[in-house]
Amino acid sequence: MIGGRLAGKLSLIGCAALLSTLGVRAQAHSAAASADAEVHRGVQLVETGRCTEALALIERGLPGVRDKALRYQGQMAAMRCAMATGDEQVAADNLFLMERESPGNPDILYWETHTFSEMAQRAAQELVGKYPDSYQAQRLQAESLESQGKEEKAAAIYHTILEKHPHLAGIHYRLGQIALDEAGDSGSTDAAKEEFEKELAVDPTNASAEFILGELARRKADWPVAVRHFSRAAHLDAGFSEAYLALGMSLAAEGKYAEAKPPLEHYVKLEPDDPAGHYQLAIADARTGDQAGAQKQMALQAQAAARNHSSDTTQGHAVQP
Amino acid sequence: MYLPETVGAGCAFVDYDNDGWMDIYLVNSGPCDFYRPSTPLRNALYRNNRDGTFTDVTEKAGVQGNAYGMGVAVGDYDGDGLPDLYVTQYPHSILYHNNGDGTFTDVTAKAGMAAAGWGTSAVWFDYDNDGRLDLFVCRMADFDKEKNVWCGGQGPGQRYYCKPNVYKPMPNWLFHNNGDGTFTDVSRESGIAASLNKAWGVVAADLNNDGRMDLFVGSDTAPNPLFINQGGGRFIDNGLLAGVGYNSFGVARSGMGVDSADYDQDGWMDLFVANVDHEVYSLYHNNRNGTFNDVSMRTPIGLTTLMMSGWGLKFFDFNNDGYIDLVIANGHPDLTIHKHHPDLHYYEPMLLFEQNGGVWKNVSEQAGPAFAQHIAGRGLALGDFDNDGAVDILVSTNNGAPLLLRNLAGGQNHWLGLRLVGTKSNIDAVGAKVSWQSGSLKRHLSKVGGGSYLSSHDPRMVLGLGPNRHVDWIEIQWPAPSGGTQRFTNPPVDRYITVVEGQTSWK
């Protein structure tokens, strides 16, 4: 009997649970339908240019939309509307959301390019409009000139900035880059070197400046100086993989193969697909008596080189149609 | 456009008539599947008239070539005292036997040395120390008319010569001299064929002082092989771990002409290989343990060659001061390079680097107008065509006349010229090592096989004595199988002498 009553109760409980579940589902279904409708309506409004109303509907409805295509439509509409109404935060949020949900989608990448470029343009206009004499506005102008290849004019502006702000980080670095460009492949790099050194005097944490100074020393086979700079670059920025490779290469060039191994080992962990690291490590292994290690690294080098098989595009050589 | 068009051709100094005066052989581009010249083209042999002029004797000699010529290697393979010619070509090469009467016979078929494919540089050397000259032949990529690749744009003037990385690498050839006028292709069993390259230049030298001749090969967009002779007819390519295969980033460069010499006189042979623009030519110092370090950036050679493309080259003591110098012929391989890269030029000047006790100096600007001339330099051969002890330079150019540069600097110092004739060892004495003392100057020089690019050199050695007017002694260490040493005291200076292995006096 007890069993019979219990079974009846359980049955009642079961019925209640079933009803409850059905009720929740019905509510959920109704909510989802409502969200879909809101987003649909929002998308339609966007098409007629009624962005403010549309955004409110889409923002409210989107969290409840499960249909992928509709979500995408809603997010895209919201992003475009937000840009039209100057709501950059909403535009960026929707873009990032879309990218996360559809990574690599060329349409999203295209809109991302446009959106952020437009944002950059607006910010630049605001900067120049509101603070035309600020060093930030001048720096922006100089960088723009640099990108157009007008390096001489850019350098003049950088020098103007330095007159008022001699300790501003990053300006000597830009001047150094301009001097490097002027030097070309075979010109003197003394002027560039001087600028990078000045940059480090202003900002001792600039790993890139340290790296370039190391590279300039490496080109002149001044290994101790190269090692000093590359060590600092790696120390300043632990993720600066090239600094580890360059440090290892310079130590190896000095004949310090045992010392070269740790940075090279670190580099191949960071950049396993670069044949250079494996090759340098193979040489260091071989010259410190580790023939097995050398053979292993040489095999890895060959694999990486095969993966990175370069096309015929370097240095003015031919490109296959 | 076919790649062989832009890479040739070679040249040689050869005393084909044994009169003691260097004659000249020039290789040309004959007919092949991709080229039908409108007027007949042939190679050329010029006899030295001993007065600074030459006479074309090609027709009589019968050494015109019969395909698209590339290079030439001179060696007396049958030991009859007469230099023979191996002419590399696309799509097959030729062995010309010197008949001793001013004529040659094509003995390729009998000798079994056609080497079907695209042959480039070749070198005669005795790899198995049996006293006979064997032949190594560089093979460029897997190429024929059907495999030709279109590089560049399709519009007018947009096409250019492909960088060789669009072609597959191939094994080189090694031919063993059977001693009866025939050769056996031992490429596979020797281990040479195990290495796939796109080979341009080759030099044979004993790089680890074990008495066996090794090979260093310049390979284009594929690792430079360093074939270390293991003995027993076997080679192992140790180029990668020796540090000469790749650049420091583990990437193959465009290895072109090569050479070897002990430039710093430490008793170990060093290496040189030219590359193309943005790659820097490599001067490899021998670490005495089977490895090499590229030291070119510690010398002016590094930065000077950063934007240049090198081909024929040779270590030699141009001013007879007792220090080994270096000459390089240059020129970009792509005729249209200036359109894509305004800093680069198809025509480039030659380079001359003087060495003085380990310090290198670019003396090209002081070397005369020839070094200011911009040329499409390719082959480069050394030889003393006027027998004045100052080693002269012959340079072949692409689609142009060759240059014969008379050396006016060698006469500043004293010298001794040596013609070595092996009897037990190979007759050309390839691999011999000569040491000498002249006052406080003590030097040694090894006779390498080949070197440069598609070219062959005066077999005589010129020992620079500096200002010293006498030689205290010379010592000749003959290559295996004899390996014997002969010492001569107070030989004459400022003239050539002949030393025959085993004979107690020079001639």
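Q: What counts as a helix or a strand here?
A: Helices (H or I, at least four residues) and strands (E, at least two) are DSSP runs, numbered from the N terminus. This is a predicted model, in which local features need pLDDT of at least 70 and side-chain atom pairs count only at pLDDT 80 or more, while totals for chains, interfaces and linings use all residues. Residues are numbered from 1 along each chain as its sequence is written, and chains are lettered from A and ligands numbered from 1 in the order in which they are written.

Q: OK, chain A. How many helices and strands?
A: Chain A has 15 helices and 0 strands. Of its 321 residues, 35% are buried, meaning that 20 or more other C-beta atoms lie within 10 Å of the residue's own, with C-beta atoms placed from the backbone.

Q: At what angle do H3 and H4 of chain A pack?
A: Helix H3 (residues 68-85) of chain A packs against helix H4 (residues 88-101) of chain A at about 150 degrees, and their axes are 8 Å apart. Axes are lines fitted to C-alpha atoms, over the stretch in contact, and angles run from 0 to 180 degrees between N-to-C directions. H3(A) is therefore roughly antiparallel to H4(A), a term for angles over 145 degrees.

Q: Which residues meet there?
A: On the H3(A) side they include Tyr72(A), Met79(A) and Met83(A), and on the H4(A) side Val90(A), Leu95(A) and Met98(A). Contact is counted when C-beta atoms, placed from the backbone, lie within 7 Å. The residues of this contact divide into 10 nonpolar, 2 polar and no charged. Nonpolar covers Ala, Val, Leu, Ile, Met, Phe, Trp, Tyr, Cys and Pro, charged covers Asp, Glu, Lys and Arg, and the others, Gly among them, are polar.

Q: What's the confidence for chain A?
A: The average pLDDT, the predictor's confidence in each residue from 0 to 100, is 86 for chain A, and 87% of the residues score at least 70. In residues 1-19 of chain A pLDDT stays under 50, and the model has 0 contacts beyond four places in sequence for them. Residues 311-321 of chain A also stay under 50, with 35 such contacts.

Q: How many residues of chain B are in contact with chain A?
A: 34 residues of chain B are in contact with 26 residues of chain A. Helix H3 (239-242) and helix H5 (337-340) of chain B each supply at least two residues of that side of chain B. The side divides into 18 nonpolar, 11 polar and 5 charged residues.

Q: Buried or exposed?
A: Tyr281(B) counts as buried because 28 other C-beta atoms lie within 10 Å. Among the residues that Tyr281(B) touches are Val273(B), Ile301(B) and Gly310(B).

Key: Angles under 35 degrees count as roughly parallel, over 145 as roughly antiparallel, 65 to 115 as roughly perpendicular and the rest as oblique. Two residues are in contact if their C-beta atoms, placed from the backbone, lie within 7 Å. A residue is buried if 20 or more other C-beta atoms lie within 10 Å of its own, exposed if 12 or fewer, and partly exposed in between; C-beta atoms are placed from the backbone.
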